[in-house]
Amino acid sequence: INAYTKGWRTNNESYSKEFNIKRKHGITLEEYMRRLERQNYECSICHKVIQLQRGLAQAQLDHDHQSGVLRDFLCRRCNLALGGFEDSILVLESAVNYLKRHKQ
């Protein structure tokens, strides 16, 4: 990144945020923030507080990998867990049963 581009991004931070959200998720910055507010700035699975950095969530806006439909904000750990289980309800239920069987 050259000095001009870096300076422009610094001076037009809201445009850059808007552009990146629109490109990545297909929604406006306002819709992005409304979704985060509706969740009370919490991960939809573990309910840990989602921090903001430079005005954006330090979490992932999850989506259905088949349809592309946006779901909710998830913390990094929960988002990775769902990805690891390939969004399979059967596998997640099996994991819950496994944990129940081995609970001490």
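Figure 1. Arg35 is buried, with a relative accessible area of 18%; buried denotes under 20% relative accessible area, exposed over 50%, and partly exposed the range in between (1.4 Å probe, protein chains only). This residue is found in helix H3, residues 29-38. Its side chain reaches the backbone oxygen of Arg71 at 3.2 Å. Beyond its neighbours within four places in sequence, Arg35 is in contact with Ile27, Leu61, Leu70, Arg71 and Phe73, where contact means heavy atoms within 4.5 Å. The model is predicted: local features need a pLDDT of at least 70, side-chain atom pairs count only at pLDDT 80 or more, and totals for chains, interfaces and linings use all residues. Residues are numbered from 1 along each chain as its sequence is written, and side-chain values use heavy atoms, with hydrogens and water left out.

**Figure 2. Helix H3 and the residue that follows.** The buried residues of H3 are Leu29, Glu31, Tyr32, Met33, Arg35 and Leu36. Just after H3, Asn40 adopts a positive phi of about 55°. Helices (H or I, at least four residues) and strands (E, at least two) are DSSP runs, numbered from the N terminus.

**Figure 3. The nonpolar cores.** The largest nonpolar core has 12 residues, among them Ile21, Ile27, Ile50, Ala57, Ala59 and Leu61; such a core is a set of buried Ala, Val, Leu, Ile, Met, Phe, Trp, Tyr and Cys residues joined through side-chain atoms within 4.5 Å. H3 and strand S4 (70-74) are the elements that give two or more residues to this core. H3 gives the most, with 4 residues. Leu70, also a member of the largest core, is in contact with His25, Ile27, Arg35, Leu61, Asp62 and His63, leaving aside its neighbours within four places in sequence. A second, separate core of 5 residues includes Cys43, Cys75, Cys78 and Leu82.

**Figure 4. The whole chain and its confidence.** The protein chain contains 5 helices and 4 strands, in the order α-α-α-β-β-β-β-α-α along the sequence. Of its 104 residues, 23% count as buried. The mean pLDDT, the predictor's confidence in each residue from 0 to 100, is 88 for the protein chain, and 88% of the residues score at least 70. Among the elements, helix H1 (residues 3-11) has the lowest mean pLDDT, 65, whereas helix H5 (residues 89-101) has the highest, 96.

Definitions and conventions:
Polar contact = N/O pair within 3.5 Å; in protein donor to acceptor, adjacent residues only side chain to side chain.
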